[in-house]
Amino acid sequence: MTASRKSSAHGSGQWTVAGAKARLSEVIERAQSDPQIITRHGKPSVVIVSAEEWARKTVRKGTLAAFLLASPLRDADLDLDRVRDQPRDLDL
């Protein structure tokens, strides 16, 4: 049993690149229920998730204005002065 097969058989959801290539259908099937991590040189490289999970994680949640209005610093009464320095000269 290879290292990639052994780790995936225990349900850890980790695969080597070679193991994921050899068993891509199984990686995809398992990704439908749990994220699958593919390692390269022993370090996590990518994560495969279902399309449903990806859509759920990447959906926009509100606007920037709503985010700023909900900030805990909104009513912190911070006194921030703008620095009015001139831009520095660059030799191009």
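The paragraphs below go through this structure from its overall layout to single residues.

This is a predicted model, in which local features need pLDDT of at least 70 and side-chain atom pairs count only at pLDDT 80 or more, while totals for chains, interfaces and linings use all residues. Residues are numbered from 1 along each chain as its sequence is written, and side-chain values use heavy atoms, with hydrogens and water left out.

The chain contains five helices and three strands. Helices (H or I, at least four residues) and strands (E, at least two) are DSSP runs, numbered from the N terminus. Read from the N terminus, the elements follow the order α-β-α-α-β-β-α-α. Of the 92 residues in the chain, 15% are buried. Here buried stands for under 20% relative accessible area, exposed for over 50%, and partly exposed for values in between (1.4 Å probe, protein chains only). The chain exposes about 8,400 Å², and carbon and sulfur atoms supply 55% of this area. Accessible areas come from the Shrake-Rupley method with a 1.4 Å probe; for residues, only the protein chains shown count as cover. Among contacts in the chain with a separation of 6 or more, 5% are between residues 24 or more positions apart. A contact means heavy atoms within 4.5 Å.

Helix α3 covers residues 24–31, and E26, V27 and A31 are buried in it. These residues lie on the same side of α3 because they cover an arc of only 135 degrees around the axis. The arc is that of the directions from the helix axis to the C-beta atoms. On the face of α3 turned away from the buried side are the exposed residues S25 and E29.

E26 also takes part in a salt bridge: its side chain meets that of R23 at 2.4 Å, N to O. The term means a side-chain nitrogen of Lys or Arg within 4 Å of a carboxyl oxygen of Asp or Glu. Side chains of opposite charge can pair when their charged atoms come close. E26 has a relative accessible area of 17% and is buried, whereas R23, at 31%, is partly exposed.

The structure holds five salt bridges. In helix α4 (residues 51–58), E52 and R56 are four residues apart, so about one helical turn separates them. Their side chains form a salt bridge at 3.5 Å, N to O. E53 and K57 are likewise four residues apart in α4, about one turn of the helix, and their side chains meet in a salt bridge at 3.8 Å, N to O. An α-helix has 3.6 residues a turn, so residues three or four places apart point the same way. Salt bridges link E52, E53, R56 and K57 in a network. E52 is exposed, with a relative accessible area of 59%, and K57 is exposed, also with 59%. R56 counts as partly exposed at 45%.

Strand β2 (residues 36–40) includes T39, which is buried at 12% relative accessible area. Apart from its neighbours within four places in sequence, T39 is in contact with Q14, W15, T16, V17, P44 and S45.

On the surface, L64, F67 and L68 form a nonpolar patch with about 360 Å² of accessible area together. Patches are made of residues with over 30% relative accessible area and no salt bridge; like charges are joined within 9 Å, and nonpolar side chains (Val, Leu, Ile, Met, Phe, Trp, Tyr) within 5 Å. L68 belongs to helix α5, residues 64–69.
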